[in-house]
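Reader: Let's go through this one quickly. Sequence and structure first, please.

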Amino acid sequence: SDIPVRNRICRISFWKYLVRKKWNNMAAVKKINKEGILEAAYNLARREGIAAITARKLAKEISCSTQPIYVDMGAVIEITTERINEVYGSLKTSLCKKENADYVSQTTIVCEFADSERVLFRQLVADNDSGHGLFKDTRTEKMLVETLHCDEIVADQINEEMHKYIMGQAFLVNEGYTEFDQARLAMETERVFEFVKKIFVK
């Protein structure tokens with residue numbers, strides 16, 4: 001009762017401020033769940049790559065402290081890596097479909113991925129050994145033997161040259177040297193295919 005009224009008001013206001021701040025922090029923590037952290041980690045990986053995933057960056061991404069993230073950091077990176085590997089798996093699956101055995105379809109699929117997923121393309125295809133196996137198990141070689149009536153050696157040579165061309169176009173799109181234009185890519189792919197056929201099919 002001996003405390004001046006002004007001081008009492010100041011202390012009460014400060015106490016209300018602390019309670020409100022603590023409540024807001026608690027509310028924010030409640031909103032943070034594993035799904036939110038994983039989604040933020042995936043989005044960060046898409047923009048900057050797997051190596052960019054840190055507790056500090058994730059905390060900034062979802063506007064929280066690093067404390068709830070550090071607990072499951074190992075699992076976050078593991079699950080995010082698995083999710084990104086699934087993206088690569090989906091890309092390979094698309095290339096291996098029977099309806100995508102032609103080079104125009106393959107050029108479209110790879111270049112579109114290189115355009116829409118610029119960081120993941122570099123990480124999964126350009127700067128990774130997995131890029132070498134991107135066209136493995138595609139039906140193209142079998143299609144060439146059947147349509148061109150050539151042997152498997154010639155089909156393999158054509159296939160190798162065309163896949164080099166496709167990857168070259170994908171790199172150009174990914175680096176921004178050329179735009180992803182499906183119609184233009186289809187026309188150029190057909191032209192290159194005709195040229196390659198003339199070289200190898202006697």
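Reader: Is H149 buried or exposed?

Author: H149 is exposed, with a relative accessible area of 70%. Exposed means over 50%, buried under 20%, and partly exposed in between (1.4 Å probe, protein chains only). This is a predicted model: local features need pLDDT of at least 70, side-chain atom pairs pLDDT 80 or more, while totals for chains, interfaces and linings use all residues. Residues are numbered from 1 along each chain, and side-chain values use heavy atoms, without hydrogens or water.

Reader: Where does H149 lie?

Author: In the loop between α8 (140–148) and α9. Helices are DSSP runs of H or I, at least four residues, and strands are runs of E, at least two, numbered from the N terminus.

Reader: And what is the phi of H149?

Author: Positive, about 55 degrees, although H149 is not a glycine. Most residues other than glycine have a negative phi.

Reader: What about S63, then: what is its phi?

Author: Near 55 degrees, again a positive value in a residue other than glycine. S63 is in the loop between α3 and α4. S63 is exposed too, with a relative accessible area of 61%.

Reader: Stepping back, how many helices and strands are there in the chain?

Author: Ten helices and zero strands. The chain has 202 residues, and 35% of them count as buried.

Reader: Now α7. Which residues are buried there?

Author: V119, L120, F121, L124 and V125. Their cover includes α2, α5, α6 (103–116) and α9.

Reader: At what angle do α5 and α7 pack?

Author: α5 (residues 73–96) and α7 (residues 118–126) pack at about 75 degrees, axes 11 Å apart. So α5 is roughly perpendicular to α7, a label for angles of 65 to 115 degrees, with under 35 roughly parallel, over 145 roughly antiparallel and the rest oblique. On the α5 side the contact is made by I84, N85, Y88 and L91, and on the α7 side by L120, L124 and V125. By class, that contact has six nonpolar residues, one polar and no charged.

Reader: And how do α7 and α9 pack?

Author: At an angle of about 145 degrees, axes 10 Å apart; α9 covers residues 152–174. From α7 come R118, F121, R122, V125 and A126, which meet M167, A170, F171, V173 and N174 of α9. Here the classes are seven nonpolar, one polar and two charged.

Reader: Switch to α2. Which residues are buried?

Author: I37, A40, A41, Y42, L44 and A45. The buried residues of α2 pack against α3 (55–62), α4 (67–70), α5 and α7.

Reader: What span should α2 have?

Author: 21 Å for its 15 residues, 34–48, at 1.5 Å a residue, and the end C-alpha atoms are 21 Å apart, which agrees. The expected span is 1.5 Å times one less than the number of residues.

Reader: What follows α2?

Author: G49, with a positive phi near 100 degrees.

Reader: Last one: where is E188?

Author: In α10 (residues 182–200). E188 is in contact with Y165 and Q169, leaving aside its neighbours within four places in sequence. E188 and V104 are 84 residues apart in sequence, yet their C-alpha atoms are 8.9 Å apart in space.

Key. Axes are lines fitted to C-alpha atoms, for helices over the stretch in contact, and angles run from 0 to 180 degrees between N-to-C directions. Contact means heavy atoms within 4.5 Å. Ala, Val, Leu, Ile, Met, Phe, Trp, Tyr, Cys and Pro count as nonpolar, Asp, Glu, Lys and Arg as charged, and the others, Gly among them, as polar.
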